[in-house]
Structures are given as structure tokens and as C-alpha cells.
Amino acid sequence: MFAPLALTQALPYLPLAQGSIDYQVERRADPGLIDRTLREAGIVLDRTEYDTRFFGMRCAEFLAALGIGDEAERERIRRRKIELYPEYFDLVRLNRPLWDFAQSFRAAGGRA
């Protein structure tokens, strides 16, 4: 039976649902790294468009969806992003709820 009031209570069996979400995207490595990588390739992408249409996509899928049809160009941009990534390490933080969930999942015999 569905109990709507249950939705207002803590969900101890869903560790990821209890984590806090960092909505301060200016502190994330990805947007700055993507902006720089694309700018070097002569592509300007509005941050709002990136956040609403492309955030979370794998690089090759993102570049194809962005309209970069040449596979060699997509690969060049992808490799450049990899080269630049270490410069953004100081912005990266461990997603503790996700890490804890993954460790519990693995301890229980799960594989991803």
C-alpha cells in the first residue's frame, strides 16, 4: 500500500538520497574544463545550455550532440580535455555518498 506521508520521512535504505547535492556548479571542475577545451577549438557554448542539455554526457556523446561530426576532431578535443584535466584537480571533491554506496555495493558482492 502506498503511504504518501512516508515520502516526508528519512529513507535509511537509500544512502544516495540522503546525500547533499552541491548545486554550486562554478566550483566543479567539469564546466571550466569543458569551457576551456571548447574555446581552444573555437567553440563557444553557453553555460546554461551545457548545464541543461549536456551535463553528465560522456565526452564523445556530448561532442556529437554538439554537432561536431568529424570523428577525428571529436577525438582531438577529447584528448585535449584529458591533457587539461590535471590543472582542475584542485576543484574536484569526493562524492562521499556515492563512494560509500559503491563500497557497500561491492562489499555485498555487487559489480558495476
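## Basis

Residues are numbered from 1 along each chain as its sequence is written, and side-chain values use heavy atoms, with hydrogens and water left out. Because the model is predicted, local features need pLDDT of at least 70 and side-chain atom pairs count only at pLDDT 80 or more, while totals for chains, interfaces and linings use all residues.

## Overall fold

The protein has six helices and zero strands, in the sequence pattern α-α-α-α-α-α. Helices (H or I, at least four residues) and strands (E, at least two) are DSSP runs, numbered from the N terminus. Of the 112 residues, 17% are buried; buried means under 20% relative accessible area, exposed over 50%, and partly exposed in between (1.4 Å probe, protein chains only).

## Nonpolar core

The largest nonpolar core holds ten residues: I34, L38, L45, Y50, F54, C59, F62, L63, I68 and I77. Helices α2, α3 (47-54) and α4 each supply at least two residues of this core, and α4 gives the most, with three. Such a core is a set of buried Ala, Val, Leu, Ile, Met, Phe, Trp, Tyr and Cys residues joined through side-chain atoms within 4.5 Å.

## Largest cavity

The whole structure contains one cavity of 30 Å³ or more, and the space in the largest cavity is about 30 Å³. A cavity is a set of points, on a 1 Å grid over the protein atoms alone, where a 1.4 Å probe fits but cannot get out; lining residues have an atom within 4 Å of a point. Grid points are joined across faces, edges and corners, and the volume is the space filled by probe spheres set on the points.

The lining consists of I34, T37, L38, C59, F62, L63, I77 and K81. At least two of the lining residues come from each of α2 (29-40), α4 (59-65) and α5 (71-84). By class, six are nonpolar, one is polar and one is charged (Ala, Val, Leu, Ile, Met, Phe, Trp, Tyr, Cys and Pro count as nonpolar, Asp, Glu, Lys and Arg as charged, and the others, Gly among them, as polar).

## Helix α5

Helix α5 has 14 residues and spans 20 Å from its first C-alpha to its last, close to the 20 Å expected at 1.5 Å a residue; the expected span is 1.5 Å times one less than the number of residues. Its buried residues are R74, I77, K81 and L84.

L84 has a relative accessible area of 0%. The C-alpha atoms of L84 and T37 are separated by 7.8 Å, although the two residues are 47 residues apart along the chain.

## Helix α6

Helix α6 (residues 96-107) has twelve residues and reaches 16 Å between its first and last C-alpha, close to the 16 Å expected at 1.5 Å a residue. Just after α6, G109 takes a positive phi of about 95°.

Terms used: On a 1 Å grid over the protein atoms alone, a cavity is a set of points where a 1.4 Å probe fits but cannot get out, and a pocket is an open set with protein on both sides within 12 Å along at least five of seven lines; lining residues have an atom within 4 Å of a point.
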